[in-house]
Amino acid sequence: MILLPDGLFDFQDDAVSYLIDETTGVDKSKTITMKSPTGSGKTVILIAFIDRYLEFIPNDNTAFVWLTPGSGELEEQSKEKMEKIAPHLITQDIQDVLNDGFSVGTTTFINWEQVSKKNNRSITENERKNLFEQIANAHRNGIRFTLIIDEEHSHNTAKAHDIINAFSAKATIRVSATAKKNPRFEWYEINEEEVIQSGLIKKALYINQGLMLNDEQSKMELSTESDVLLKLADKKRKEIFKEYEKLGLKIRPLVIIQFPSSSEEQIKQVEQQLSDMGYTYDNRMVAKWMADASDKINLEGIEKNDAFPSFLLIKQAIATGWDCPRSHILVKLREHMDDDFEIQTIGRIRRMPEAKHYDIETLDCCYLYTFDEKYKETIINNIDTSYEVTKLFLKPQYKSFQLPKENRDLDYDVVGIADVYEMIYDYFIDTYKLTTDKKQNKEILKTYDYKLDEEILGKYRQGRFITFKDLLIREKGTYRDVSYAVNTNLHGIDMMHSIDMIKKVIKMSHENVRAVLLALFSNQVRKKHKLLNLNKKEWYAFIINNATRLRDDFRKLVADSTYQMKSIEINPKISTFKLPEEDFFKYDSTNLHVEEYLSNVYKNYTNQMTVSGLRSTSEQLFELYCEKNEAVEWVYKNGDTGQQYLSIVYLDALENQWLFYPDYIVKLRNGDVWIIETKGGEVQGKSKNIDGRSEIKFNAFKNYANKNNLNWGFVRDKDQNLFLNNNIYTEEMNNENWRPLKEIF
């Protein structure tokens with residue numbers, strides 16, 4: 001187990017489970033490309049993968065090789081990280097391999113550039129030959145390599161491929177923040193939103209915030225553009241610095257200034273402009289990091305949060321692996337540049353300095369200043385959270401409005417494993433009409449397509465394929481069934497994967513999920529209430545063969561309000577919600593037909609903020625409906641997460657606490673206040689609602705509204721009309737619970 005105080009984040013644990021799944025399959029050779037956003041902790045993920053692999057599959061003769069690019073720092077950083085958080089794992093470097101070769105269970109860190117580049121070698125030609133001989137010796141000794149290619153976008157050279165091919169790895173994991181999907185390889189992408197929610201990286205990227213040019217400025221010569229950007233960046237830097245001071249934190253935000261490749265004059269100009277602003281190399285406020293070793297100034301300790309330099313001048317993307325979380329701002333003075341390289345540079349300003357958000361927008365975001373429109377479009381197209389944003393201010397007459405808001409009850413006791421067991425037991429009894437007769441239950445579950453075989457079932461594919469595209473077409477080729485006799489040693493890893501699949505849904509530990517599954521379906525545990533009485537091998541086959549089915553059943557249970565414990569009460573922490581006096585809104589600047597929504601509580605809120613992609617169909621229809629409705633005095637669009645927004649606590653069926661943020665607050669001219677949650681509607685009798693927890697949220701919303709004597713409702717769309725329900729939740733809209741909104745307000 002790796003030494004992390006709070007363990008892995010959920011998205012990191014999911015990535016580790018995926019890598020285990022893919023590298024322990026039956027394929028002879030497999031390549032996995034993983035896109036891992038900068039700041040997501042890819043080094044930790046890879047170390048955790050190796051640790052878990054060696055724990056569960058200790059005897060398959062695997063040695064790990066970790067290849068890195070760069071000048072020789074990244075492999076040292078990665079090796080030191082492994083030794084720090086996984087000291088029980090055995091690490092090696094290139095010299096260890098040259099002396100003693102490869103060994104099973106070890107991880108060898110190699111900088112391939114130092115091995116292959118003529119002008120950047122850390123080993124002699126004879127030693128290089130010896131490296132390939134040691135690889136060949138390892139193959140002869142039955143060692144199987146799993147290859148990790150860190151910053152995989154940097155390994156696209158012939159010499160790098162020579163080294164990679166020599167290992168002939170049974171599994172290759174290519175990882176980068178800028179990885180491109182390749183149809184030949186397995187693909188895994190860590191969701192950027194999950195990394196943001198974890199607090200590891202900043203919530204958003206702002207582009208040219210505060211940049212407003214008048215006619216005189218618009219006529220500026222090129223030589224003065226940098227001055228405008230530098231002053232904006234410095235203003236933002238000071239604003240960020242003050243916010244950290246308010247929190248009592250000694251964090252000094254850093255501005256990175258990036259130049260074109262041929263820009264000596266521009267560098268001198270910027271140096272002079274910074275000097276005029278009071279920032280120089282001599283007073284240590286400015287640092288420099290250029291390709292030439294002699295052109296590096298004030299870099300020692302610059303990555304520390306309280307380091308003195310406030311500006312860093314670079315002419316290229318910063319060295320691979322460089323980590324400086326205090327970097328908040330990038331001034332981009334470059335014009336033509338490779339997209340991947342740009343994204344990697346942007347990644348340097350996305351980390352959070354303390355790996356957490358502060359719920360202060362200024363601190364929780366990063367900032368890009370540039371006049372390069374093409375670059376700006378590229379960033380927007382390639383980074384999901386890089387959007388144009390504007391700050392809007394609350395109209396003065398609405399500052400006094402307030403409502404009670406709910407936060408999690410920190411004293412609430414999580415439901416015990418015995419109670420969880422009873423709920424799952426009841427769910428299966430009710431759903432499949434099971435009995436106390438275990439043999440009869442077997443036959444009943446079979447009729448519902450549960451697999452009750454004594455063997456582990458699978459499929460394999462046969463056929464003739466011309467192109468890789470053919471492999472992606474499921475109908476191509478022939479699928480044949482295959483079955484395996486259960487071997488609890490060999491299939492232990494399959495059981496682990498199956499349990500991991502289920503634990504993600506019910507938010508329980510691996511050990512507790514296993515205990516529940518044993519008690520429900522196995523004769524290995526004595527339990528009064530039991531669904532099946534399978535022996536050990538039968539139980540293995542049942543769980544592995546039905547893992548997906550069990551996961552889906554548990555997912556339905558968690559979202560089903562029928563199984564919530566009515567006897568357990570929660571006492572949310574109550575605080576006062578006020579409409580934020582200022583807020584940031586995404587908007588689509590390409591929408592040229594701008595109309596202001598006068599009913600919105602914020603000044604200058606327009607239809608650019610309600611376009612598809614930023615608002616769902618029901619949200620778009622609702623905002624337009626309110627704007628045209630004379631009965632509406634004002635409308636407020638609530639945020640999706642954050643302390644400043646209105647929240648309601650709800651419990652899933654297994655009593656896990658969650659926060660729910662209703663979409664809108666509406667004040668009518670007659671004084672009535674309505675709180676509205678919008679959901680996907682219905683088309684041709686089919687629901688468009690993708691929220692499986694709608695009913696649980698609906699009931700929590702109803703309880704909150706009743707306690708506080710508030711008007712409320714769920715609103716959904718059907719045939720371009722809106723309907724409201726605040727009575728009994730039904731997914732089907734063709735009933736009396738869903739009333740036309742126009743009949744209500």
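**Close-up views of a predicted model**

**View 1. Glu682 and Lys718 meet in a salt bridge.** The side chains of Glu682 and Lys718 come together at 3.5 Å, N to O. The model shown here, as in every view below, is predicted. Glu682 belongs to strand E25 (residues 673–683) and Lys718 to strand E27 (residues 711–718), so the pair ties together parts that are 36 residues apart in sequence. Glu682 has 4% relative accessibility and counts as buried, because buried means under 20%.

**View 2. Glu633 forms a salt bridge with Lys667.** The closest N and O atoms are 3.9 Å apart. Glu633 sits in strand E21 (residues 632–637) and Lys667 in strand E24 (residues 664–668), so this bridge ties together parts that are 34 residues apart in sequence. Glu633 is partly exposed, at 27% relative accessibility.

**View 3. Lys391 and Glu582 are joined by a salt bridge.** The N to O distance is 3.3 Å. Lys391 is in strand E15 (residues 389–393) and Glu582 in strand E20 (residues 582–586), so the pair ties together parts that are 191 residues apart in sequence. Both ends are partly exposed: Lys391 at 30% relative accessibility and Glu582 at 40%.

**View 4. Asp13, Arg52, Asp500 and Lys503 make a network of salt bridges.** The count for the model comes to 36 salt bridges.

**View 5. Phe102 and Phe145 form an edge-to-face aromatic pair.** A search of the whole structure finds 42 aromatic pairs. In the pair of Phe102 and Phe145, the ring centres are 5.1 Å apart, with 85° between the planes. Phe102 lies in the loop between helix H4 (94–100) and strand E4 (106–111), and Phe145 in strand E5 (residues 144–150), so the pair ties together parts that are 43 residues apart in sequence.

**View 6. Eight residues form one aromatic cluster: Tyr427, Phe428, Tyr432, Tyr448, Tyr450, Phe521, Phe542 and Phe554.**

**View 7. A patch of negative charge lies on the surface.** Asp419, Glu422, Asp426 and Asp430 gather here. Glu422 is placed in helix H14 (residues 417–432). Glu422 is partly exposed, with a relative accessible area of 31%.

**View 8. Lys433 has a positive phi.** The angle is about 55°, although Lys433 is not a glycine. Lys433 lies in the loop between H14 and helix H15 (438–447). Lys433 is exposed, with a relative accessible area of 59%.

**View 9. Asn298 has a positive phi.** Here too the residue is not a glycine, and phi is about 55°. Asn298 is in the loop between strand E11 (296–297) and strand E12 (311–314). Asn298 is partly exposed, at 26% relative accessible area.

Notes. Residues numbered from 1 in each chain as written. Predicted model: local features only at pLDDT ≥ 70, side-chain atom pairs only at ≥ 80, totals over all residues. Heavy atoms only, no water. Patch = residues over 30% accessible without salt bridge, like charges linked within 9 Å, V, L, I, M, F, W, Y side chains within 5 Å. Areas by Shrake-Rupley, 256 points an atom, 1.4 Å probe, with all protein chains shown as cover. Salt bridge = Lys/Arg side-chain N within 4 Å of Asp/Glu carboxyl O. Lys, Arg positive; Asp, Glu negative; His and termini not counted. Charge placed at Lys NZ, Arg CZ, Asp CG, Glu CD. Helix = DSSP H or I, 4+ residues; strand = E, 2+ residues; numbered from the N terminus. Buried < 20%, exposed > 50% of the residue type's maximum accessible area, 1.4 Å probe, protein only. Phe/Tyr/Trp six-rings, centres within 6.5 Å; stacked < 30°, edge-to-face > 60°.
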